[in-house]
Amino acid sequence: MANTSSVTSATSHASSSGPAGEAKILDHNYDGIREYDNPMPFWWSALFWGSFIFSVPYYIYYHVGVGPTLNDNLEAEVGEFVEAQAAALGDLKPDAKTILSLVQNDPKLKTGASVMFRSNCATCHGPEGGGRTGPNLADDSYINVKQPEDFFKVIRDGVSGKGMPDWGKRFSEPQLVLLASYAASLRGTNPAEAKEAQGTVLPQWSVPASAPADPANAPAPSGTSKPDGT
Ligand code: HEC
């Protein structure tokens, strides 16, 4: 019992070190077991109280909702990532061809756009675009959209007084083109949660959705006759 003997000798040492042991031994006595008053070292207490005090504003900022949540940060990063990808594609024109082929031909862009859609649009349009307070984007009926370019315009400018926000304030142009392309790509899908059709039934887009984004990627025509007939 090496411990016991060292405690005993320490106790006798402390009690011999002056009147009342300079308050080094606490008053209580458990069946003869006495306790030293050993305060934690200053650096330890400073760390403990420092982290405790730090936790209060941290909790309020990140958990009560003043600051960005992890989700907000993720969404911002995904947005930047997707925008960088979009920028790498060059100028994205908000024309029918781009809107009907951009995410349709690029699964990675489509995944990025779907994350943006779920974090910004799903509250009103449903996670798969089947519609909630906002209209169903998966069916053939549209309220504001008459032609593919309108996806871009409606998303950028919103529909004032009808509850569709103007996302032009929030997103850059390539991101808006991406969102437009993603919204267009939802047509003809089968969301689990689907709202009744609203607006007018539109004929299928005249530009095929599978049209390649870049004409350079189009298969070469098999005929070799030149336009001038030579
Ligand atoms: C706060 C709810 C809300 C959010 C969030 C929202 N929308 Fe909408 N959206 C609406 C409503 C409501 C309409 C229908 C407006 C009308 O009745 O004219 C609409 C219409 C649309 C339309 C036109 C549909 C049609 O039938 O013509 C598109 C496309 C669209 N939203 C895409 C988006 C995208 C993409 C996002 C996310 C970036 C988004 N919306 C976020 C409420 C919302």
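User: What share of the contacts in the chain with a separation of 6 or more comes from residues 24 or more positions apart?

Analyst: Let's begin with the terms. Two residues are in contact if their C-beta atoms, placed from the backbone, lie within 7 Å. Here, residues 24 or more positions apart account for 69% of the contacts with a separation of 6 or more. Please keep in mind that this is a predicted model, where local features need pLDDT of at least 70, side-chain atom pairs count only at pLDDT 80 or more, and totals for chains, interfaces and linings use all residues. Residues are numbered from 1 along each chain as its sequence is written.

User: How many helices and strands does the chain have?

Analyst: Helices (H or I, at least four residues) and strands (E, at least two) are DSSP runs, numbered from the N terminus. This chain has 8 helices and 4 strands. Read from the N terminus, their order is α-β-β-α-α-α-α-α-β-α-α-β.

User: What percentage of the residues of the chain count as buried?

Analyst: A residue is buried if 20 or more other C-beta atoms lie within 10 Å of its own, exposed if 12 or fewer, and partly exposed in between, with C-beta atoms placed from the backbone. By that count, 22% of the 230 residues are buried.

User: Which residues of α8 are buried?

Analyst: They are Pro174, Gln175, Leu176, Val177, Leu178, Leu179, Ala180, Ser181, Tyr182, Ala183, Ala184 and Ser185. Because 12 of its 13 residues are buried, α8 is largely enclosed by the rest of the structure. You can check its length too: the expected span of a helix is 1.5 Å times one less than its number of residues. For the 13 residues of α8 that gives 18 Å, and its end C-alpha atoms are 18 Å apart, which agrees.

User: Which residues have the most contacts inside the largest nonpolar core?

Analyst: First, the general idea: in soluble globular proteins, nonpolar side chains tend to be buried together. A nonpolar core is a set of buried Ala, Val, Leu, Ile, Met, Phe, Trp, Tyr and Cys residues joined through C-beta atoms within 7 Å. The largest one here has 27 residues, and Leu178, Leu179, Ala180 and Ala183 have the most contacts inside it. Two or more residues come from each of α3 (70–88), α4, α5, α7 and α8. Of these, α8 gives the most, with 8 residues. Take Leu179 as an example: leaving aside neighbours within four places in sequence, Leu179 is in contact with Ala113, Met116, Phe117, Ile155, Trp167 and Phe171.

User: What does α7 pack against?

Analyst: Phe151, Phe152 and Ile155 are buried in α7. Seen down the axis of α7, these residues fall within an arc of 95 degrees, so they line one face of the helix. They pack against α4 (96–101) and α8.

User: Which residues are closest to the ligand?

Analyst: A residue is near a molecule if its C-beta atom, placed from the backbone, lies within 6 Å of it. Here 25 residues surround the ligand, and the closest are Cys121, Cys124, Gly134, Asn144 and Met164. Helices α6 (122–125), α7 (149–157) and α8 (173–185) each supply at least two residues of this shell. Cys121 sits in the loop between α5 and α6 and counts as buried, with 21 C-beta neighbours inside 10 Å.

Notes: Arc of directions from axis to C-beta.
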